[in-house]
Amino acid sequence: MSSLTDRYMRKVEKSAEQKLQEKMDALSQRTGMSESDMFSFADYDEAEAEKTGYSNYSYWRSTLNMFMKNKGAVVMLVVMLAIIVFAVIQPYLPGQMDPNLCNMDPLTYITDRNIPPNEKYWLGTNVIGQDLWARIWAGTRNSLIIGFSVAAVEAVVGIIVGVLWGYVRKLDFLFTEIYNVLDNIPNTIILILVAYIMTPSMGTLILAMSLTRWIGMARFIRNQILIIRDRDYNLASRCLGTPTWRLIVKNLLPYLVSVIMLRMALAIPSAIGSEVFITYIGLGLPLETPGLGQLIDDGRKVMMNAAQRYQLIYPTILLSIVTISFYIVGNAFSDAADPKNHR
Amino acid sequence: MKKMLSLILCLAMARSMLTGCGGNEQTQPNPGNETNAPGDVSEGRTVVENGTYRVLYSGEVTTLNYLTTGTTNEFAIGANVIDTLLEYDNKGNLEASLATEWTYDDEAMTWTFKLREGQKWIDHTGAAVADVTAQDFVDAMKYVLTPEYASSTANLVFSVIKNAEAYYNGQAGVEGADVIDFSEVGVKAVDEYTLQYTLSKEVPYFLSMMTYVCFMPAYGPQLDTLGASFGTSADTMYYCGAYYISKFEPQVQMVMTKNVNNWDADNVFIGTIQRTYNAEAGTIGAEMAKRDEIDYTSLDSDIVDAWLNDPATKDMVSMERPSIDYNYFYLFNFNMHKLNENYTTEGMTGYSVDEKYEPENWILAVNNENFRKSIKHAISRVATIAITTGQSADPHTYVQNTITPEGFAAVNGVDYTAQDAFADIMAKDFFDAEAAKSYKDAAMAELKKEGATFPVKVLVRYNPTDSDWEKASTVLEQQLEDVLGKDYIDIIVVAGPSEGFLNKVRRSCDYMLLLSNWGADYADPETWTDPFYQPLNDDGTYGRGSRYSYMATAIMDKTAAADTVLEYFRLVDAARAITDDIAARYAAFAKAEAYLIDHALVVPYGTSVSDFVVTKLNPWEGQNAPFGVSNQRYKGQKLYKEFMSMTEYNAGATN
Amino acid sequence: MIKYLAKRIGRSLITLVIIISVVFLLMRMMPIEGYFPNFDKMTDAQIQAGLEAQGLLDPVPVQLGRFFVNLFHGDLGVSHGYRNNVPVTEILADKVPISIQMGCLSIIVSLILGIPLGTMMARYKGKWVDKMGTLFIVFIQAVPAAVYYLMFQLYGTLLLDIPLLFDAANWKSWILPVFSMALGNIAYYAMWLRRYMVDESNKDYVRLARAKGASGNTIMFRHIFRNAFVPMVQYLPSSFLNTVIGSIYIESLYSVPGMGGLLVQVIKDNDNNMVQAIVLLYATVGVIGLLLGDIMMTVLDPRISFGTKEGGR
């Protein structure tokens, strides 16, 4: 239905799946040592021999080091953090307007309608005299909250269900069937029903988006677990009597951290993208809760008119920066978080 | 009776049309009456003879079946391809169409129409199929009254035609309804060209109803064969109007071609109407008009300002003819009882709104006249209407101080709203911050004694699918709180569900202050009492009426406003009883309505805002009526080479 | 393999039945007001008659049973709300072909442009081709389609000197919608092909080929490309079917009379029969797409066998 959103989600899923595959291949290739090690002579040294038993390896430090090597990603991370920080502190800065305040004439109550950017309204006003600068930042804030919430729900529910689904063989058929059904029910029906039962708000939107999204994550985790579950070291652990929960937490999940991070990072721009689509089909956020999707859809309606195009351009630019930064940082971080890439 | 009818025929719509009807004693309009089109505005524009008029549409019709549809969008089909017994001219006067003359008996209960002879039904290729006869009207009405076909407009037939509702309910198997024969329904073909309607009650507006879709004819044998499939495509119906549908590809295009056999074909100036579907018509329509790919588009108010400032597009912009088919008003909710699915309190306890909005407090407040008046005078209607009109139109044009819109009806050449009863109301805009504040002080003093707490929470709802309504609610909140102070009221704007809004909000009373609208069903002021009036049942309770403000709750609960509401109902009852003297009837309705507004039981708002348009037609040449389908007819309109300018539009308005 | 297929198709059928039933129940939860455009003014008898005419007064299980019996006879019912009383199959038969044509064209375009782009990006990894390609991919992902589609239409039509709206008879008017639809897929194919090819190029057999002295191009196309293309194939059927189903944005903007947005529309119209028919169509297409993807993988890469792939796509 939403071919765009769907495709995006598939992309995300496949990206992570593929990465994992690629990384496992790389690992299997790296069993040998490098050429010079193989062919140079070494004298026996007891102290050196002791050192092999010790490693100063720290997972998080290595991750950080790896990440810092990717200059583009670091720049994007700075941009991303700057946007997040600014979106949070913006209302407390001096001279900021309330995003919901309609600026109007104190006597006639006629609004300051569609005023192009000027000194008072830095990015202009909309049709009821609301300051777009304030609305765009409020919109970014709300869209990020939506994105983070949806990603969090997706991660928590998706991982729990996915682990059960993958590890408990008896549940496989049941979950697979649930997946097939849920995956094929058009999101629009669910969205419209949710919109009917509840009034439009951020909570409604988060709920509507989260209702089915976790299933993709669960499926993905389950597939990874199927791949890793019967690897030799896990079989060995099991033979040694390691309890299942410990197997999952210690042996399986760390393996998945990087891909889960990637999925989470991509879920945020994807949720924001869905908001644009949901607004397009008329189920978006109410006016009192600005969102980037809502601002873009409003701007789209006046885009034919050059003088008012500012209402479209600014929110689109911000949305694009947010999306790109999350996308690049997410990819880079997932690479960095993969222990196979730590040298 | 005779006098009254002649006056009805003079029902005028536009305010400029209020002259020339008084004292007109002619009972039957002259069928050959040449339409006196305000054509002078066409000077400087060149008429395209038999041209093709290209237009986009974004809402596809669900059916061509004019007998069953209930949407304005689909009325446009029936209006253009089917002729009615009577029609309106471009000044809002009723004229002969398929009927050439008509008579009625002394009680005005039986109406006989003489049909125009030699009119043909044609098919979608334009080939003649059969004659249009009186039986076609009878068959069409039978179709409308067949529950199986679920006509949305059958209720209008119920309201006037004898035994129509009884027949319908019998067929539908409604409990306690007897099955009666269709011959008992008040419609009969006396002979091939004589049609007779028998009414269930005397209604002064009967002739105006003849222009409505449910009174349109249809070729009987075809209805029998096709049943529910009638009007599903261009080749499953026949045509007798100014146009026929030569091509209908849903969500692609619809082509209407001029019917040269039509009795009035000389007054049909556009040869072909080519409607192309585009779901984004609102977004790209303006650009297409600019590139001359279409001949008409409405302009979003946001764009209008820019177009009017640009020399290249300045002369392309004009307006839609003002329409009063809907009038808006703010409803105060008098009922805080939770309602069941039949909209009665039976078996229900609790409140219709969430308790956090303090319903008990609201009951005290809404029953206080000074409280209602403080809100009435604090609302700046211009401010919210301006959101829709943009800077280029004057929002004052659309403000209405009455529930019955100006220009809806006139008696003795005087507009209904210009009657004495309305003198004070019409004198000036309600918005008056000083008056509002003094009512506020009075209300606060009175309400504090009754134990009310301040600020009073006022729950305002809107339908989120209507973005202008959403914006207006935001402005309203800020504006009201600014005038009256946050110590007095706390306006809480909450979006309603986008699906099933009316059921869940207005009918279920889940609001406190709500912008609502009403459209006329027939050409008589009585239709404008329907949203407020509730009939008294035999057991002393009140019916739910049209499920609008449930004012009768005040009477049943004996609250402070009980007497005021009761008096309004009494005034309406009195007005309804007058059927033989139209002037007295109108005066009585005016008195009731003035009472309603004076006591701020409801706050009138305004009419629908006319769109700014880019058009190659001249909107003043089309048929015009305060209700029904006539406004959507292309007949009488000429297609010009150039787009109409604002100057030409204004010239047409004053003509 | 045949046994596996039969089992899998059997299970897909059960899935379809469950999906349809769930959607059926969900649609019955919608407010009845949605069935009538002028609900406000209708009498109770009229509303009852209207519900009766659509068979909505029976208990839901009875309605569901009737639906499946009719479905078994190939009867999907008539539309109510979208196009009253017109058979659903007739409506779909009008709309499906144009979407298929446009979808096929756009897939062809995206393959023709996306595969060379991806290959070039992998071949010249880190060079300007790669950088420009990455920029394009990021742009397509970041900017909402609703915005750049509109830009394309506005300026594209001026550039090509054609009308804004689609006209099937004018070949030029196919260019913009097809190309707009292809954009997403071009970026998608290029991105994945590049990724797979870069992965492959680090594998031992490639090193061996290089050590043997095979030319860069030979390695790229004879070895790497062929192997990198296998995992792509799996996703082709579903991406193809998804494109064919249509794009709500493109079809709305250009007035293409296809399937895009149809589902949203009929859900809003409360047109139960249409919703069921379309969901059935989409779900069937989805299930077939998965099946086809798996079969194509097996055909292209003999190392993959069916048995192990059970549920693990």
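**Figure 1. Chain A, element by element.** From its N terminus on, chain A of this predicted model runs α-α-α-α-α-α-α-α-α-α-α-α-α. Count them up and you get 13 helices and zero strands. How much of chain A is buried? Buried residues make up 56% of its 343 residues. Now take the contacts in chain A between residues at least 6 apart in sequence: 74% of them join residues at least 24 apart.

**Figure 2. Where chain C meets chain B.** This view is about the contact that takes 38 residues from chain C and 51 residues from chain B. Interfaces like this get a number for their size, and the accessible area lost when the parts come together is often the one given. For chain C and chain B, that area is about 3400 Å², with 52% of it on carbon and sulfur atoms. What about salt bridges across this interface? The rule finds zero between chain C and chain B. Polar contacts are another matter: 14 residue pairs are counted between chain C and chain B, with both partners at pLDDT 80 or more.

**Figure 3. A closer look at the chain C side of that interface.** Which elements of chain C give two or more residues to the side that touches chain B? They are α2 (44-53), α6 (145-160), α10 (248-254) and α11 (262-268). The largest share, six residues, comes from α2(C). Sort this side of chain C by class and you find 20 nonpolar, 11 polar and seven charged residues.

**Figure 4. The two domains of chain C.** Where they touch, 18 residues of domain 1 of chain C are in contact with 15 residues of domain 2 of chain C. Between them, domain 1 and domain 2 of chain C bury about 1500 Å², and 70% of that is on carbon and sulfur atoms. On the domain 1 side, C:Arg8, C:Leu16 and C:Met27 lose the most area to domain 2, together 34% of what that side buries. How many salt bridges cross the interface of domain 1 and domain 2 of chain C? The rule finds zero. It does find one residue pair in polar contact there, both at pLDDT 80 or more. In domain 1 of chain C, α1 (2-28) and α3 (60-72) each supply at least two residues of the side that touches domain 2. The largest share, 11 residues, comes from α1(C). By class, this side of domain 1 has 14 nonpolar, two polar and two charged residues.

**Figure 5. Chain B and its two-part domain.** Have a look at how chain B is divided: the domain assignment gives domain 1 (2-321 + 611-653) and domain 2 (333-607). The C-alpha centres of these two domains of chain B lie 32 Å apart.

Figure 6. You'll find B:Asn262 in the loop between β12 (253-258) and β13 (272-277) of chain B. Is B:Asn262 buried or exposed? With a relative accessible area of 5%, B:Asn262 is buried, because the cut-off for buried is under 20%. Its side chain reaches the backbone oxygen of B:Gly241 at 3.1 Å. Leaving out residues up to four places away in sequence, B:Asn262 touches B:Asp83, B:Gln119, B:Cys240, B:Gly241 and B:Ala242.

**Figure 7. B:Arg54 and its two aspartate partners.** Side chains of opposite charge can pair when their charged atoms come close. Here, B:Asp292 and B:Arg54 meet in a salt bridge at 3.5 Å, N to O. B:Asp292 sits in the loop between α8 (281-290) and β14 (296-299) of chain B and B:Arg54 in strand β2 (residues 52-57), so this pair ties together parts that are 238 residues apart in sequence. B:Asp292 is partly exposed at 39% relative accessibility, and B:Arg54 is partly exposed at 26%. B:Arg54 also forms a salt bridge with B:Asp295, with the closest N and O atoms 2.7 Å apart. This pair links distant parts of the chain too: B:Asp295 is in the loop between α8 and β14, 241 residues from B:Arg54 in strand β2. At 2% relative accessibility, B:Asp295 counts as buried.

Figure 8. A search of the whole structure finds 27 salt bridges over all chains. In one of chain B's, the side chains of B:Lys428 and B:Asp432 meet at 4.0 Å, N to O. B:Lys428 counts as exposed at 54% relative accessibility, whereas B:Asp432 is partly exposed at 25%. Elsewhere, B:Asp524, B:Glu526, B:Asp530, B:Arg576 and B:Arg585 are linked in a network of salt bridges.

Key. Residues are numbered from 1 along each chain as its sequence is written. Chains are lettered from A and ligands numbered from 1 in the order in which they are written. Side-chain values use heavy atoms; hydrogens and water are left out. Contact means heavy atoms within 4.5 Å. Buried area is the accessible area (1.4 Å probe) that two parts lose on being put together, summed over both. A polar contact is a pair of N or O atoms within 3.5 Å; within protein, one must be able to donate a hydrogen and the other to accept it, and residues adjacent in sequence count only if both atoms are side-chain atoms. Helices (H or I, at least four residues) and strands (E, at least two) are DSSP runs, numbered from the N terminus. Ala, Val, Leu, Ile, Met, Phe, Trp, Tyr, Cys and Pro count as nonpolar, Asp, Glu, Lys and Arg as charged, and the others, Gly among them, as polar. Buried means under 20% relative accessible area, exposed over 50%, partly exposed in between (1.4 Å probe, protein chains only). Domain bounds come from an automatic or database domain assignment.
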